[in-house]
Amino acid sequence: MYARPATLSPAKPFAVSCLVPSLAFAALTALAVPALADDHRTPSPDGARVFIVSPEDGATVSSPLSVVFGIEGMEVVPAGTDAPASGHHHLIVDAPQEGFDFSQAVPADDHHIHFGGGQTETTIELEPGPHTLWLLLGDANHVPHDPPVMSEPIEVMVE
């Protein structure tokens with residue numbers, strides 16, 4: 001005799017009871033990531049760098065704006081991938097490098113755009129006016145490396 005695989009349906013309470021521990025684990029894991037950042041930052045190799053390929057610093061552009069990311073000395077991988085000399089991009093828009101807390105996971109908001117899929121380019125909407133853009137590489141947990149791998153900021157004027 002063999003056991004038939006369980007099937008999930010809305011009428012079976014089994015489905016909900018299995019989700020509760022999974023959701024609890026996910027919530028605890030999310031709370032633990034900032035704590036991990038305080039204790040451990042992934043080392044970056046000497047000479048590693050990220051940079052904005054385009055647009056050029058000082059360019060006058062229109063929105064939507066295409067931004068192409070560059071990297072040397074490391075490999076771009078999806079978030080959650082814990083491999084040596086690797087990370088994923090974060091595009092920082094209109095937020096200064098000075099005072100940035102590199103010991104914590106990069107926030108996710110309108111000024112800190114995550115590319116956890118390993119993307120190396122994007123198109124973004126920006127309001128008319130001056131804007132500052134820079135890249136910051138994050139490790140598997142979105143925490144900047146030690147030392148941080150970040151680009152020089154560029155300025156663009158959106159018409």
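Rings of Phe, Tyr and Trp, the last taken by its six-membered ring, form a pair if their centres lie within 6.5 Å. The legends below concern a predicted model.

**Figure 1. Ring pairs link Phe100, Phe102 and Trp134 into a cluster.** By the rule above, the count comes to three aromatic pairs. Phe100 and Phe102 form a tilted pair, with 5.0 Å from centre to centre and 45° between the planes. Both of these phenylalanines, Phe100 and Phe102, are buried. The rings of Phe100 and Trp134 have centres 5.6 Å apart and planes at 80°, so this pair is edge-to-face. Trp134, like Phe100, is buried.

**Figure 2. The largest nonpolar core of the model has 21 residues.** Within this core, Leu65, Val67, Leu91, Ile124 and Leu133 touch the most other members. Two or more residues each are given to the core by strand 1 (49-54), strand 3 (65-72), strand 5 (86-93), strand 8 (129-138) and strand 9 (154-158). A second, separate core consists of seven residues, including Ala95, Phe100, Val106 and Trp134. Two members of this second core, Phe100 and Trp134, also take part in the ring cluster of Figure 1.

**Figure 3. The surroundings of Leu133 include residues of the largest core, among them Leu65, Val67, Leu91 and Ile124.** When neighbours within four places in sequence are left aside, Leu133 is in contact with Ile52, Leu65, Val67, Leu91, Ile92, Val93, Ile124, Glu152, Pro153, Ile154 and Val156.

**Figure 4. An open sheet of three strands is arranged in the order 1-3-7.** The pairing in this sheet is antiparallel. Strand 1 and strand 7 (121-124) stand at the edges with a single partner strand each, so one side of each has no neighbour in the sheet. From one strand to the next, the twist averages 30°. Strand 3 pairs with strand 7 in the antiparallel sense over four bridges. Val68 has Glu121 of strand 7 as its bridge partner.

**Figure 5. Ser151 is placed in the loop between strand 8 and strand 9.** The relative accessibility of Ser151 is 3%, and because buried means under 20%, this residue counts as buried. A polar atom of the Ser151 side chain lies 2.8 Å from the backbone nitrogen of Leu135. With residues up to four places away in sequence not counted, Ser151 touches Val50, Phe51, Ile52, Gln97, Trp134 and Leu135. One of these residues, Trp134, is a member of the ring cluster in Figure 1, and another, Ile52, is in contact with Leu133.

Figure 6. From the N terminus on, the elements follow the order α-β-β-β-β-β-β-β-β-β. Of the 159 residues of the chain, 34% count as buried. Among contacts between residues at least 6 apart in sequence, 68% join residues at least 24 apart.

Terms used:
Residues numbered from 1 in each chain as written. Predicted model: local features only at pLDDT ≥ 70, side-chain atom pairs only at ≥ 80, totals over all residues. Heavy atoms only, no water. Core = buried A, V, L, I, M, F, W, Y, C linked by side-chain atoms within 4.5 Å. Buried < 20%, exposed > 50% of the residue type's maximum accessible area, 1.4 Å probe, protein only. Contact = heavy atoms within 4.5 Å. Pairing = 2+ DSSP bridges. Axes fitted to C-alpha atoms, helices over the stretch in contact; angles between N-to-C directions. Phe/Tyr/Trp six-rings, centres within 6.5 Å; stacked < 30°, edge-to-face > 60°. Polar contact = N/O pair within 3.5 Å; in protein donor to acceptor, adjacent residues only side chain to side chain.
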